Amino acid sequence: MADKKFTTISGIEVKEVYTGPSGMNELPGQFPYTRGIQKDMYRGKPWTMRQYAGFSTAEESNKRYHYLLSQGTMGLSVAFDLPTQIGYDSDHELSEGEVGKVGVAIDSLKDIEVLFDGIQLKDITTSMTINATASILLAMYIALAKKQGADLTQISGTIQNDILKEYAARGTYIYPPTPSMRLITDIFEYCSKEVPKWNTISISGYHIREAGSTAVQELAFTLANGKTYLKAALEKGLDINIFAKRLSFFFNCHNNFFEEIAKFRAARRMWAHITKDLGATDPGAQKLRFHTQTGGSTLTAQQPMNNVVRVSMQALAAVLGGTQSLHTNGYDEALSLPTETAAKIALRTQQIIAFESGVTDTVDPLAGSYFIEALTDELETAAQLYIDKIDAIGGSVKAIEQDYIQQEIAAAAYQYQNDLESGEKILVGVNKFIQPEAVADSVFRVDDSIRQKQIEKLTRLKADRNNEEVNLALQNLSDAAKGTDNLMPFILTAVEGYATLGEIADTLREVFGEY
């Protein structure tokens, strides 16, 4: 790669990095990483084009994965249905009407085996958007990797595993904050020894933004949560120079082009200082690595093709902001799960930015712009005020228990809605440039019969497995939960015996209670 020449269409050579005469001579790949975490960024290799997918049954999702991989996706990202996210099997009465709707239904290791059928886990990276039941899904993934004969020290991927933002913005929590934090630090500790390349948490600003926060609040609350996880791991005796390398972040990218780019630059700089202040000396432990998804809540059901432009603009901002991986939304997602056509255009959007736009030829191309630099500083200052306030309350857990973060997000969401209704802010096709439209016909639907299929699979599973073995594994998990042992080995044993997700979650509910 080193001798490859990068030029514009006219043949003008593009340098790897540009610096200015003033204070802008900070370099990418150097503390505090404002300009990017790698020296050469996308000249070295492009970001991971990771398309999020998962719906109905494991069989159906498996087909979509093979399709996305054939179209050039570089990593998989799994969406789980609501019952899976909150620890209920498909046959639970609360699962009715929700099985396979917003993601794939996973009841046991059997479903994970089908989900990744024909896909070698050692050859891909997988991101799983899962929080309250992250320990169980990770155990299933590890169990499958073992069955495939993969070297566990080499498999890589990410679990979201960010429970704090669930209490603040999203709602798929099960247990109270304290035992939930225990599960998270158990995962940190277990993976640092057994699955060292696994990213054990993806600290998520995405859902904070989707709940209506501003860019500043997304930045502040996400980093404050990150700081809380760092402190929890330190209290468990883990080495920050090791475990902080396995933390990643997940940000949203909305429509205000320059603000979003500045947000990403500010996030890297702030995290570098947060980790350093907590004792990180290894550069890898000071670098903020992040995945971006374009803004779901910015998509409109009215004139849905306009969303192609919104997604393109947001994806470009994420790339100019230095993202490590990116998911682009389908233009029809305000109506339904994306159709195959929409999923393909979303992926092609990334490929066009990567291979046709020229923005990847130099690192941090907007550095040194008076506007971008000032905006980066202003976002940092405004976010720091929030972080100081949360620190004064006693950290994120306390701030969430006192409803502070929730109230701040709600106020911002209310303000935005008022601005739209008053015409202060314009949303094209919604409150201006409106046109009469026919009802969308080509939307993606998930059939309710899926629940019946999952229930039949569960019945067969429980008849075929060794139930004595399962009961013993669940009893051992219950005993461990009452003590202080790391719970991951007990969860893995239960999963390998084909205990169901609901059975494992219920065992922990009995000990920890529900929030």
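Guide: Start with Asn161. This residue counts as buried because its relative accessibility is 2%, and buried means under 20% relative accessible area (exposed is over 50%, partly exposed in between, with a 1.4 Å probe and protein chains only). The model is predicted, so local features need pLDDT of at least 70 and side-chain atom pairs count only at pLDDT 80 or more, while totals for chains, interfaces and linings use all residues. Residues are numbered from 1 along each chain as its sequence is written, and side-chain values use heavy atoms, without hydrogens or water.

Most residues other than glycine have a negative phi. Asn161 sits in the loop between β4 and α5 (164-170). These labels come from DSSP runs: helices are H or I over at least four residues, strands are E over at least two, and both are numbered from the N terminus.

Now step back along the chain into β4.

Which strand does β4 (residues 156-159) join? Four bridges tie it to β3 (residues 125-129), and the two strands run parallel. Two strands pair if DSSP finds at least two bridges between them. Follow the partners across. Thr125 stands opposite Ser156. Ser127 has Thr158 as its bridge partner.

A helix packs here too. Helix α4 (residues 134-147) touches β3, β4 and β5. The direction of α4 makes about 155° with that of β3. Such angles run from 0 to 180 degrees between N-to-C directions, with axes fitted to C-alpha atoms, for helices over the stretch in contact.

Zoom out for a moment. How many strands form the open sheet? There are nine, in the order β5-β4-β3-β2-β1-β9-β8-β7-β6, with parallel pairing. The edges are β5 (198-199) and β6 (201-204), and each pairs on one side only. Another helix, α13 (residues 340-356), lies across β1 (48-53) and β9 (325-327). Helix α13 runs at about 170° to β1.

The partner of β6 is strand β7 (residues 247-253), joined in the parallel sense over four bridges. Ile203 has Phe249 as its bridge partner in β7. Look at the side chains of β6. Ile201 and Ile203 point one way. Ser202 and Ser204 point the other way, and all four are buried.

Stop at Ile201, which lies in β6. Ile201 counts as buried because its relative accessibility is 0%. What is Ile201 in contact with? Contact means heavy atoms within 4.5 Å. Leave aside neighbours within four places in sequence, and Ile201 is in contact with Ile159, Gln160, Asn161, Asp162, Ile184, Phe188, Tyr229, Arg246, Leu247 and Ser248. For scale, the C-alpha atoms of Ile201 and Gln314 are separated by 24 Å. Those two residues are 113 residues apart along the chain.

Take one more step, to Phe188. This residue belongs to helix α6 (residues 177-194). Phe188 is buried because its relative accessible area is 2%. With neighbours within four places in sequence left out, Phe188 is in contact with Thr200, Ile201, Tyr229, Ala233, Leu238 and Leu247. Met41 lies 147 residues from Phe188 along the chain, with 28 Å between their C-alpha atoms.

Asp403 lies in the loop between α15 (396-401) and α16. Is Asp403 buried or partly exposed? Asp403 is partly exposed, since its relative accessible area is 32%. Asn161, with its 2%, is buried.
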